Amino acid sequence: MRVHVVSDVHGNSRDLAAAGTGADALLCLGDLVLFLDYADHSRGIFPDLFGVEMADALVELRTARRFEEARALGRRLWGELDRTGVSRESVIEGAVRKQYAELFAAFPTPTYATYGNVDIPRLWPEYAASGTTVLDGQRVELGGRVFGFVGGGLTTPMRTPYEISDEEYAAKIEAVGEVDVLCTHIPPDVPELCYDTVARRFERGSAALLHAIRTTRPRYALFGHVHQPLARRVRIDGTECINVGHFNATGTPYVMEW
């Protein structure tokens, strides 16, 4: 059995179309949407609307953890757009829909996918074809191994679209139960897995996920979310915890074989 795993696709439909080549299945751990590329500020919904200069300014503020100033900049820009009579919600949804149409069309059959924190779950049923199975707080058996999927992220000052409470996230982890491979978008709450060396900040990891790893001991815990982690792989008791990589940048899936 050979399974390919991707996360943090962020608009990279070109490489996604080849990500399942040679695999029996593709797993996607979320963040399909590209709102703003921190490596190339000219890419994404934000610079398309407001220009590269404003994208540069927003990234600088967020990287410096000046979140209130970043939100003030965003409010000013969106306010200017609102005054033109254009709804920000309709503009964002239209841009997201365009990206989803390209990305879901690129998924091979079969694909098993869960949401990232920048995704909009309510739109997925419109784009997921029959060969794509969306799982969140659910399990599936592949090649004799049980895979559990938990999507989304935890609440942060960034206020991305699919952030949920710690309690709701923990309930989904509990619903999955004991599995061989635990697939999530965010990492367990382990400092070296949560620290982004380029953004120079800790992303939020899940304490409930870490507890589940320690108590149920899956063979593997796979995740993404942190694009440039301090450590890509950490062993917790008998579990290999692996950041499968920033697919937008690498275009290369993580490969599992057994």
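Select Val-244 to begin: its relative accessibility is 8%, so Val-244 counts as buried (buried is under 20% relative accessible area, exposed over 50%, partly exposed in between, with a 1.4 Å probe and protein chains only). The model is predicted: local features need pLDDT of at least 70, side-chain atom pairs count only at pLDDT 80 or more, and totals for chains, interfaces and linings use all residues. Residues are numbered from 1 along each chain as its sequence is written, and side-chain values use heavy atoms, with hydrogens and water left out.

**Around Val-244.** Val-244 sits in the loop that joins strand 14 (239-243) to helix 10 (247-250). Helices (H or I, at least four residues) and strands (E, at least two) are DSSP runs, numbered from the N terminus. Which residues does Val-244 touch, not counting residues up to four places away in sequence? Show Val-5, Val-6, Ser-7, Leu-29, Leu-222, Phe-223 and Tyr-254, where contact means heavy atoms within 4.5 Å. For Phe-223, 21 residues from Val-244 along the chain, the C-alpha to C-alpha separation is 6.1 Å.

**His-225.** Next select His-225, in the loop between strand 12 (220-223) and strand 13 (233-236). His-225 is buried, at a relative accessible area of 13%. Leaving aside neighbours within four places in sequence, the contacts of His-225 are Ser-7, Asp-8, Asn-117, His-185, Ile-186, Pro-187, Glu-203 and Arg-204. Ser-7 is also among the residues that Val-244 touches.

**Two positive phi angles.** Go to Asp-31, which is not a glycine but has a positive phi of about 60 degrees. Asp-31 belongs to the loop between strand 2 (25-28) and helix 2 (45-50). Is Asp-31 buried or exposed? With a relative accessible area of 3%, Asp-31 is buried.

Then pick Arg-65, in the loop between helix 3 (52-63) and helix 4. Arg-65, again not a glycine, has a positive phi of about 60 degrees. The relative accessible area of Arg-65 is 47%, which means that Arg-65 is partly exposed.

**Helix 4 and helix 5.** Two packed helices are described by the angle between their axes and the distance between the axes. Select residues 67-82 (helix 4) and 88-106 (helix 5): their axes are 9 Å apart and the packing angle is about 100 degrees. Axes are lines fitted to C-alpha atoms, for helices over the stretch in contact, and angles run from 0 to 180 degrees between N-to-C directions. Helix 4 is therefore roughly perpendicular to helix 5 (under 35 degrees is roughly parallel, over 145 roughly antiparallel, 65 to 115 roughly perpendicular, the rest oblique). To see the contact, display Trp-78, Gly-79, Leu-81 and Asp-82 of helix 4 with Arg-88, Val-91 and Ile-92 of helix 5.

**A cis peptide.** The peptide bond from Thr-109 to Pro-110 is cis, with omega near 0 degrees.

**The whole protein.** Finally, show everything: 10 helices and 15 strands. Along the principal axes, the C-alpha atoms fill a box of roughly 55 × 35 × 30 Å. Of the 258 residues, 55% are buried. Among contacts between residues at least 6 apart in sequence, 57% join residues at least 24 apart.
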